[in-house]
Amino acid sequence: MGQETGRVRMTPAARRVLEAAERLFYAHGIHAVGVDLIAAEAGVTKKTLYDRFGSKEQVVVEYLAGRDERWRAFLAGRLEGEEGAARVLAVFDASRDWSAEYGAKGCAMVNAHAEISDPAHPAYPVIAAQKAWMLELFTRLAGEGMGRVLMLLHEGALVAHGMGVVPDSFAVAREQARELLGGGVRRS
């Protein structure tokens, strides 16, 4: 298997597998999608999938790790040039924009956690680390106590968005965050 430091070396076939898996896992759920369907959608054989990834679990790891990496890069671009409370609010704005483009069904990590709650699963550390990173980010931006509250607001907005239960959940959460931070920041 083409792995280096726990990650798969991405050949063209592996990229096709991962692109197909990402579409399918996000749309239908991890457990609902089998390797036969992933291989067929990617235009490869099951043997190629297993040669590249070793297991479906490793495909899941790569899917979640790749999505997390793209999110972090997207967010870094949105935080660049912002200061103070505006940096915190930029997280909510970035989440709104990311979700509009990549996340109609809510947070991929939350969705994956609903299916993978066993810490022994190889994808579990990716899920847990992503959420720990978000908490660390909010804590760095606003302090420990406020960071926790902001994290809860953000996660609630992600879940509400994915379920469609609160219209414009990111705007609602952003406004609450703005009020908590002292109200001195206007919507961009």
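Mentor: A crossing is left-handed if the near helix is turned anticlockwise from the far one by less than a right angle, and right-handed if clockwise. Keep that in mind. What you see above is a predicted model.

Trainee: Which hand does the crossing of α4 and α6 have?

Mentor: The crossing of α4 and α6 is left-handed. So, by the definition, the near helix is turned anticlockwise from the far one.

Trainee: What makes α4 roughly antiparallel to α6?

Mentor: Start with the angle. Helix α4 covers residues 56-79 and helix α6 covers residues 108-115. Their axes cross at roughly 155° and come within 10 Å. Angles over 145 degrees count as roughly antiparallel. Therefore α4 is roughly antiparallel to α6.

Trainee: Which residues make the contact?

Mentor: From α4, Tyr63, Leu64, Arg67 and Asp68. From α6, Ala108, Met109 and Ala112. By class, this contact has five nonpolar and two charged residues, and no polar ones.

Trainee: Now α8 and α9. Why is α8 called roughly antiparallel to α9?

Mentor: Helix α8 (residues 144-163) packs on helix α9 (residues 169-180) at about 165°. The cut-off is over 145 degrees, so α8 counts as roughly antiparallel to α9. Their axes are 8 Å apart.

Trainee: In which hand does α8 pass α9?

Mentor: Here the crossing is right-handed.

Trainee: What are the residues of the contact of α8 with α9, by class?

Mentor: Eleven are nonpolar, three are polar and none is charged. Among them are Met146, Val149 and Leu150 of α8, and Ser169, Phe170 and Ala173 of α9.

Trainee: How do you know that alanine 14 is buried?

Mentor: Alanine 14 has a relative accessible area of 0%. Buried means under 20%, so alanine 14 is buried. Alanine 14 sits in helix α1, residues 12-28. Beyond four places in sequence, alanine 14 is in contact with Arg9, Arg52 and Phe53. Now look at leucine 49. Alanine 14 and leucine 49 are 35 residues apart in sequence, yet 7.1 Å apart in space, C-alpha to C-alpha.

Trainee: Lysine 131 has a relative accessible area of 18%. Why is lysine 131 called buried?

Mentor: Use the same cut-off: under 20%. Lysine 131 is at 18%, so the label is buried. Lysine 131 lies in helix α7, residues 124-142. Leaving out residues up to four places away in sequence, lysine 131 touches Cys107, Met109, Val110, Met151, Glu155 and Leu158.

Trainee: What makes glycine 77 partly exposed?

Mentor: Glycine 77 is at 47%, so partly exposed is the label. Glycine 77 is found in helix α4. Compare arginine 140. Glycine 77 and arginine 140 are 63 residues apart in sequence and 17 Å apart in space, C-alpha to C-alpha.

Trainee: How confident is the predictor, by pLDDT, over the protein?

Mentor: The average pLDDT is 91, and 94% of the residues score at least 70.

Trainee: Which elements have the lowest and the highest mean pLDDT?

Mentor: Strand β1, residues 3-4, has the lowest, at 36. Helix α2, residues 35-42, has the highest, at 98.

Trainee: Where does pLDDT stay under 50?

Mentor: One such stretch is residues 1-5, with 14 contacts beyond four places in sequence in the model. Another is residues 184-188, where pLDDT is below 50 and the model has eleven contacts beyond near neighbours in sequence.

Terms used. Residues numbered from 1 in each chain as written. Predicted model: local features only at pLDDT ≥ 70, side-chain atom pairs only at ≥ 80, totals over all residues. Heavy atoms only, no water. Axes fitted to C-alpha atoms, helices over the stretch in contact; angles between N-to-C directions. Helix = DSSP H or I, 4+ residues; strand = E, 2+ residues; numbered from the N terminus. Parallel < 35°, antiparallel > 145°, perpendicular 65-115°, else oblique. Contact = heavy atoms within 4.5 Å. Nonpolar A, V, L, I, M, F, W, Y, C, P; charged D, E, K, R; others polar. Buried < 20%, exposed > 50% of the residue type's maximum accessible area, 1.4 Å probe, protein only. pLDDT = per-residue confidence, 0-100.
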